[in-house]
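Please look over the sequence and the model before reading on.

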Amino acid sequence: MTEYYLVFVVVLLLLAIFDLVVGVSNDAVNFLNSAIGSRAASWRSIMIVASIGVFVGATFSSGLMEVARSGIFNPQYFSLADVMVLFAAVMLADVVLLDTFNTLGMPTSTTVSLVFELLGAAFVVSLFKIAAAGAGAEALTTYINSGRALGIISGIFVSVGIAFVCGLLAQYVSRLLFSFQYEKRLKYVGGLWGGLSLTAVAYFLLFKGLKGASFVSDGFLAWVDTHVTALLIGMFVLFTVVMQVLFVLKVNALRGVVLVGMFALAMAFAGNDLVNFIGVPIAGLDSFLAWRVSGVPADSYMMVALDQPVRTNTWLLLLAGAVMVATLWLSRKARTVTETEIGLGRQGEGVERFASNPVARSIVRAARDIGGVLSAVLPAALKRRIDRNFERPQATAADDTSHDAPAFDLIRASVNLTIASVLIALATSLKLPLSTTYVTFMVAMGASLADRAWDRDTAVFRVSGVLNVIGGWLITAVVALSISGLFAAILYVGGMYALIGLIGLAGYLIYRSTRLHREREEQSAERRAHYERPTVSIDEVFVETGAHIAEVMDDIGKALENAIGGLVKEDASRLKKTEKKIKRLIDRNEGLGDTLPQYIRKVEELESEGSKTYIAVYDYLSDMLRSTRSIVYTSRTHVENSHKPLSQSQHADLDNLYGQTVGYVRAIKDYIVRGDFHDTAGLLAKRYEVMALLEVCIERQVAGIKARKYNEINTGLYFTLLLETKDFMLVSGRLLGFFEGFSNGDRVSVMQQVTA
């Protein structure tokens, strides 16, 4: 029996490593956002400082794991067998949930996920125990400390609104104080600003970073609490003097402020949030060790020991710190989550990741109306004075088109860190629950709004992004509770076989999400490659767009083949997969449309034809993809609605038509891949054959209608397929003419065709 539960312990410890990886990948945004977004230092320097902070925080952590051990459930009513099921369900759910959020690039709260995973698993295990004992539902209160979980989540979501408002007000005042040309004013008020920022960071370290650290005694913390006012005043004076001297000497000490703030947040994160990743496995290990020497059966040994605080082994903390640091450097998903937050707060132009939605549009319209009212009330002279502080220098505005330009400046970075530090420290001193992820994110969003980073062109997309992130937060608790509860039920009934199966399922889900993330990264890298490169010639543009069209044409050929095959065989699953594939291609092409201005800027000034090439490619592909999607969608809905199949003659005509169409599409791909664009005679002959066959199919159907030999629904489907195919062929003809004319040097007439 010992070996049975030893397997559970080993699985828990292995899952702890995975949980550290996925947890750090999500939480790294909390302290990396401001430094990376403002380019306070090189990426390598930022990562070194953050790594030191994380390792120090993890190493000096006391490892007090009360939340994981007894905060949500009452362990004295659970046996070893119960808590092993409970802990395994929690860890499996946490790994899957956090990895999903990382793949989507969405920051979430590891604290909220842990609390509700514990609640869900404990709830389900309690139900099994109550059913076995024949007790009523009222016995749940004996097992579950639900009041604490609800108190934590309510406090956390209240902090979201407070953080946003504080970030907005602080950034607005700081921009009025410094303007975007802050270098000129630093020598006058920079010392005061730097002293205030560093004092806030120090206050944060005293109340959050050092709380519970193994090298800090309770007596010292009590002394700090008693003399906090005097300490803060002394540090403020000291920091202000030092910073003022540096600014007078023309040293931009704001970079140091940002790096120190990042170090403090990284240290506090590792020292205090470590429970979210290793608290449950350590509790499982302690439970096993206590039971092994007891001599009591596992289902009778009640876990009273978990109600006692325990300090975690230093070697385990060292190992955890090493895993966290390695994850910081190696995790691609950590960069994705960081890029989401930086992108939503970005000052300049760029590709917007989130599409607009009705709620975001309503919010933006309401904000515009309120802004119009306020603008009408304020005196014109005051408005002009305020606007001058928000005017960015011309050179800075131009630099925004560079991928290497900071997403925002050091003033906003220092505001992000200062306000987040103060709010977290205040909540800690008042023993109020909050999520560091939610606070840092909402402070950053409030600051970006105040900084006028959300202008009329970007506001609706940024608001949509923020709503998506907040929506993810709202479902975190529900999903965490549901998944862990489901896993606990499976483990409770299935035992070791269920554990093996769930580990396999978790591994498969992580594998799938990793593949999806890699595909998205590749698409993002393609856009970045266009965005970062220097000017390109017309020949480079031509080769590049040809390769893109060849790739898309290959996918279109497969889609058309699957559409007709799925329709004939009435395979709805095949049609659904094909439609999803086409939708991804359309989204990708629309992404090309979003970035057209960036692409056009890269083309050499004297070669405007190159810029028009991008426009032409976007236009042609948009039309062909829309026709293809319509063909697939119409076929899918016909099959899903269980309508009568097409007649044998219709099947035969479509098989012939689409066989030739797919062959024609693949011939276009081969033609473009070969790069010999001077002679399109062979392709045009294939096109004429398809068009002639189209006309024959249409004439046969018209004749059938006149002879009253037709089914109304099938005829509608048939005509849709034919007409969409005809549109596709017409656009493909213009595409071929475009390539042939361009390669033969007749660029003027080709460009007239594009812009007509």
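Which residue forms a salt bridge with D451, and how far apart are the closest N and O atoms? In this predicted model, the partner of D451 is R412, and the closest N and O atoms of the pair are 3.1 Å apart. Because D451 lies in the loop between α20 (436-450) and α21 (459-532) while R412 belongs to helix α19 (residues 410-429), the pair ties together parts that are 39 residues apart in sequence. A search of the whole structure finds 15 salt bridges.

| Helix pair | Axis distance | Angle |
|---|---|---|
| α1 (residues 2-27) and α13 (residues 275-292) | within 7 Å | roughly 165° |
| α2 and α3 (residues 43-59) | within 10 Å | roughly 155° |
| α2 (residues 29-38) and α15 (residues 332-345) | 9 Å | about 55° |

Helices α1 and α13 cross at roughly 165°, and they are therefore roughly antiparallel to each other. The crossing in which α1 passes α13 is left-handed. Residues of α1 that make this contact include Y5, L6, V9, L12 and L13, and on the side of α13 they include F277, I278, L285, F288 and W291.

Helix α2 takes part in two of the tabulated pairs, the one with α3 and the one with α15. With an angle of roughly 155° between their axes, α2 and α3 are therefore roughly antiparallel, and α2 passes α3 in a right-handed crossing. Here F31, L32, A35 and I36 of α2 meet W43, I46, M47, A50 and V54 of α3.

The packing of α2 against α15 has an angle of about 55°, which makes α2 oblique to α15. The crossing of α2 and α15 is right-handed, and in it V29, L32, N33, I36 and G37 of α2 meet V337, T338, E341 and I342 of α15.

Key: Residues are numbered from 1 along each chain as its sequence is written. This is a predicted model: local features need pLDDT of at least 70, side-chain atom pairs count only at pLDDT 80 or more; totals for chains, interfaces and linings use all residues. Side-chain values use heavy atoms; hydrogens and water are left out. Axes are lines fitted to C-alpha atoms, for helices over the stretch in contact, and angles run from 0 to 180 degrees between N-to-C directions. Helices (H or I, at least four residues) and strands (E, at least two) are DSSP runs, numbered from the N terminus. Angles under 35 degrees count as roughly parallel, over 145 as roughly antiparallel, 65 to 115 as roughly perpendicular and the rest as oblique. A crossing is left-handed if the near helix is turned anticlockwise from the far one by less than a right angle, and right-handed if clockwise. Contact means heavy atoms within 4.5 Å. A salt bridge is a side-chain nitrogen of Lys or Arg within 4 Å of a carboxyl oxygen of Asp or Glu.
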